[in-house]
Amino acid sequence: MSGKTLRIAGVTRTFAGQGRAKPTLALQPTDLTVAPGEFVAILGPSGCGKSTLLRIVAGLDTPTAGSVTLDGMTVAGPGPDRGMVFQSYTLFPWLTVAQNIRFGLQERGLPEAEQHAIAEKFIARTGLKGFENHWPRQLSGGMQQRCALARALANDPEILLLDEPFGALDHQTRELMQELLLEIWEADRKTVLFVTHDIDEAIFLANRVVVMSARPGRIKAEVTVPLPHPRDWTMKTTPDFAALKAWLMGEIREEVRKAAAA
Amino acid sequence: MKPLVPVSAGARVVLGAGFFVMFVALWAVATYSGWVPPLFLASPGKTLLAGWSLLTEFGFAGDIAITVFRVVGGFLIAAAIGVPLGLLMGAFKPVEAFFEPFVSFARYLPASAFIPLLILWAGVGEAQKLSVIFIGSFFQIVIMVAVIAGATRMDLVEAAYTLGARSGGIVRRVIIPSSAPQVMETLRLVLGWAWTYVIVAELIGATSGIGHMIMDSQRLLDTGQMIFGIVVIGLIGLVTDFLFKALNRRLFPWAVL
């Protein structure tokens, strides 16, 4: 376990209105602290601003007010210390699997041999052996996201930001990907901030689940997941899991209803 | 026939060749039957004969070579400056704001309208011919490349940022490679247009080239030679198009072209 403490303090985001339209408040002042080695899931209905919050942590969006710090250093823009996996497929289509994974390492100017060694390690860990020289268009959605995960991990970021990375995958593939991610986290204990609207996914993966309200988003509840590690899929059928799920479903339903009424 | 259902490779060749055959057949019928007098339209046979004499007696191969040189030369100069400028405009919005209005204006200026001026400025030599091609191609290339580069997928740019890339890396490692296949397609298109400009340039104030030969043949009312010249241009276009497509498939195996 290593890494830095992520502190989100009073982060607010207002989007300017088009023309004479009034500006929209997407995110109410939000505070959240993520300790090194924690796996935190941000759970919320669509459009609640959870992705906006993650993008602000990544430095891809700027908060209207408030600040994001990593061990006291203010986040002013995107950087390799905060690796990200997106919901959309963002592998570079002109690079092979191995070249995609080496992208950040090349940017850092690591020696070739080291780049190859690191890429090889993460190709093995994400089960992409034999696909090193494939183009992204030749891969299934699940494999593309595994490669995107390997690409983010190869850069050895302080914190891993995952924006519904399995959202576009079918149910079975998604479950396999969750297990893969869990396995990696259990081995490395890298700090993870994971955005999802899937309750099962949040409980199964995270140590702590943060529930966000309907737009304008704010953190309305927070719960620690008491399930022990290592976890496997059988955990999804335990009473503890079911109880937590029932409680979270209640919280989320209320927000979805509000969002639908708005 | 059902909409959008693909055609097999064999059928594609047969259908494509079929139209050529039909076209020549119609031409043959129209001329050999005497329906169109030879003064206006030479028959396919006469055209081929005229072509043969052009190549063997009048050194037409040299005309073809000089015309190809003019097209390719003017086009390469335009591409060498236009592609980098277009990429910069697409990547950096202030650069685009600076050049775009002028380029949009300039690309509507017909290249052929500059010929009299260019003769005044550059004489009737090669510089003038290359300038016509350059004017005709350059602004089109700039504007189209700028649009392509500007349409780079934002999520790929963002992914590169989170992997540690900065502005230079974004341009070099995301915008340029992602735009490359479409830029090559644009160049293929513009090269086609460049051929129309070169012929116009050669119709006025030229002493060599395919366009000049066509002009000379008009004085002699030799429709066979004129048609042969036009057909040669079409064939060269067909070949360069084919080469361009083959090159793109080789250069960009990752893209679905």
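Visitor: How many bridges join strand β1 (residues 6-15) of chain A to strand β4 (residues 65-70) of chain A?
Guide: A quick note before we count: this is a predicted model. β1(A) and β4(A) run antiparallel, and A:Leu6 stands opposite A:Leu70 in β4(A). The bridges that join β1(A) to β4(A) number five.

Visitor: What stands opposite A:Thr196 in β8(A), and what stands opposite A:Phe194?
Guide: Let's take the two partner strands in turn. Strand β3 (residues 39-43) of chain A runs parallel to β8(A), with five bridges joining them, and A:Thr196 has A:Leu43 opposite. Strand β7 (residues 159-163) of chain A also pairs with β8(A) in the parallel sense, over five bridges. Opposite A:Phe194 stands A:Leu162.

Visitor: Which helix joins β7(A) and β8(A) in a β-α-β unit?
Guide: The two strands pair in the parallel sense. The β-α-β unit they make with the helix is right-handed. Its helix is α5 (residues 171-188) of chain A.

Visitor: What feature does UniProt place at residues 6-239 of chain A?
Guide: Over residues 6-239 of chain A, the chain is 32% helix and 26% strand, with the end C-alpha atoms 32 Å apart. The name comes from an unreviewed UniProt entry. That record gives "domain: ABC transporter".

Visitor: Now for chain B: how many helices and how many strands are in its secondary structure?
Guide: From the N terminus on, the elements of chain B run α-α-α-α-α-α-α-α-α-α. Its C-alpha atoms fill a box of roughly 75 × 55 × 30 Å, taken along the principal axes. The tally for chain B is 10 helices and zero strands.

Visitor: Which spans of chain B does UniProt annotate as "transmembrane region"?
Guide: Two of the spans can be described in some detail. Residues 12-35 of chain B are 88% helix, with end C-alpha atoms 33 Å apart, and residues 64-92 of chain B are 97% helix, with end C-alpha atoms 41 Å apart. The unreviewed entry lists residues 12-35, 64-92, 104-124, 130-151, 194-214 and 226-244 of chain B.

Visitor: Is B:Phe60 buried or exposed?
Guide: B:Phe60 lies in helix α3 (residues 60-91) of chain B. Leaving aside its neighbours within four places in sequence, B:Phe60 is in contact with B:Leu54, B:Leu55 and B:Met213. The cut-off for burial is 20 or more other C-beta atoms within 10 Å. Because B:Phe60 has 21 C-beta neighbours inside 10 Å, it counts as buried.

Visitor: Which element gives the largest share of the side of chain B that touches chain A?
Guide: In all, 15 residues of chain B are in contact with 22 residues of chain A. On the chain B side, the elements that give two or more residues are α7 and α8 (167-203) of chain B. The residues on that side divide into nine nonpolar, four polar and two charged. The largest share, six residues, comes from α7(B).

Visitor: Which element of chain B has the highest mean pLDDT?
Guide: The mean pLDDT of chain B is 92, and 100% of its residues reach 70 or more. Among the elements of chain B, helix α5 (residues 115-122) has the lowest mean, 88. The highest, 97, belongs to helix α7 (residues 154-162) of chain B.

Definitions and conventions: Residues are numbered from 1 along each chain as its sequence is written. Chains are lettered from A and ligands numbered from 1 in the order in which they are written. This is a predicted model: local features need pLDDT of at least 70, side-chain atom pairs count only at pLDDT 80 or more; totals for chains, interfaces and linings use all residues. pLDDT is the predictor's confidence in each residue, from 0 to 100. Helices (H or I, at least four residues) and strands (E, at least two) are DSSP runs, numbered from the N terminus. Two strands pair if DSSP finds at least two bridges between them. A crossover is right-handed if, with the strands pointing away from the viewer, the path from the first strand over the helix to the second runs clockwise. Two residues are in contact if their C-beta atoms, placed from the backbone, lie within 7 Å. Ala, Val, Leu, Ile, Met, Phe, Trp, Tyr, Cys and Pro count as nonpolar, Asp, Glu, Lys and Arg as charged, and the others, Gly among them, as polar. UniProt positions are given in the numbering used here, feature names are shortened, and annotations may be inferred rather than shown by experiment. A residue is buried if 20 or more other C-beta atoms lie within 10 Å of its own, exposed if 12 or fewer, and partly exposed in between; C-beta atoms are placed from the backbone.
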